[in-house]
Amino acid sequence: MNVQWYPGHMTKAKRMMEEDIRLVDLVIEILDARVPLSSRNPDIDRLGRQKARLILLNKADLAEERINSAWEEYFKEKGYYVVKVNAKNGAGVKVVHKVIAEACKEKIERDRKRGILNRPVRAMVVGIPNVGKSTFINTFAGKACTKTGNKPGVTKGKQWIRLNKSVELLDTPGILWPKFDDQEIGIRLAFIGSIKEEVLNITELAIKLIHYLQKNYQGVLKERYQADEEQEVGKVLEDIAKNRACLLKGGEYDIEKAAALLMDDFRNGRLGRITLEVPENIE
Ligand code: GDP
């Protein structure tokens, strides 16, 4: 399978993101906990240098907790602040407030020495498509916040959300582009829905996922679809079609529909917690 990504339309988003990043003290980088390496755009390290850095392992509810913790350690050792979150239900979000205060202590101290008092810390959220940036901003900012910026007399101001008296968050996230030279990374990004489906063959994708599950998560396909996992992948997909009554007009199995159903179940956590990447230092 040849997974391709066409960055043409990303150029504008990239330029905007680079402009915005100059305005902030803290970069909040959102990763998908199921694929923390593949869902990173390594360029962010260059773009975000000299900024405080916080990594959120989002969708922690969809990945194995033991491995989430291993990834947390992995990134902490590299010098990032790290928090595991579920942007959808808000788990971990309180901790983010605490860590932001900590991450920005240095900046506040620097300001204080220069005689600048009470200048709020400014932060922005960045990440590749579909990792949960908008969901996080909504959950994090909640309803209680007030929007600032775009005041009369201020032309073309940015919209900042005032979170509390010391932190402001840019209300739109910076979109990073998925990056991969390695096709395996491309496939993982397709698994989590960060690459548009039109550029992929859903059946091939489902077959790759079945392979992975057969090897690493035995019992999952049997439990959900009563599939015989010992068979070759094509047959497993047929079992899924059979179990979910995915049939074509002539009565044959609708394999493509079964494939789409499997991917949808995976993406929404209906197969249970499944991690696709494990750091090297874990058994
Ligand atoms: P964005 O493209 O990065 O802004 O991603 P969105 O905020 O639009 O989220 C993409 C999808 O992931 C949506 O269907 C969200 O409901 C879902 N989502 C976001 N965060 C979480 C999470 O922590 N857990 C789960 N289970 N789903 C999430």
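Which pocket does the ligand take?

1. The ligand takes the space of the largest pocket. A pocket is an open set of points on a 1 Å grid over the protein atoms alone, where a 1.4 Å probe fits, with protein on both sides within 12 Å along at least five of seven lines. This is a predicted model: local features need pLDDT of at least 70, side-chain atom pairs count only at pLDDT 80 or more, and totals for chains, interfaces and linings use all residues. Residues are numbered from 1 along each chain as its sequence is written, and side-chain values use heavy atoms, without hydrogens and water.

2. Around the ligand there are 15 residues (a heavy atom within 4 Å). Asp61, Asn130, Lys133, Ser134 and Thr135 come nearest. Helix 6 (residues 133-141; helices are DSSP runs of H or I, at least four residues) gives the largest share of this shell, three residues.

3. For aspartate 61, a polar side-chain atom lies 2.8 Å from a ligand nitrogen atom. Of the 580 Å² of accessible area (Shrake-Rupley method, 1.4 Å probe) that the ligand has on its own, the protein covers 75%.

4. A side-chain oxygen of aspartate 182 reaches to within 2.8 Å of the backbone nitrogen of glutamate 184 at the start of helix 7. Glycine 193, with a positive phi near 80°, follows the helix.

Note on methods. A polar contact is a pair of N or O atoms within 3.5 Å; within protein, one must be able to donate a hydrogen and the other to accept it, and residues adjacent in sequence count only if both atoms are side-chain atoms. Helices (H or I, at least four residues) and strands (E, at least two) are DSSP runs, numbered from the N terminus. On a 1 Å grid over the protein atoms alone, a cavity is a set of points where a 1.4 Å probe fits but cannot get out, and a pocket is an open set with protein on both sides within 12 Å along at least five of seven lines; lining residues have an atom within 4 Å of a point. A molecule sits in a cavity or pocket if more than half of its atoms lie within 2 Å of its grid points.
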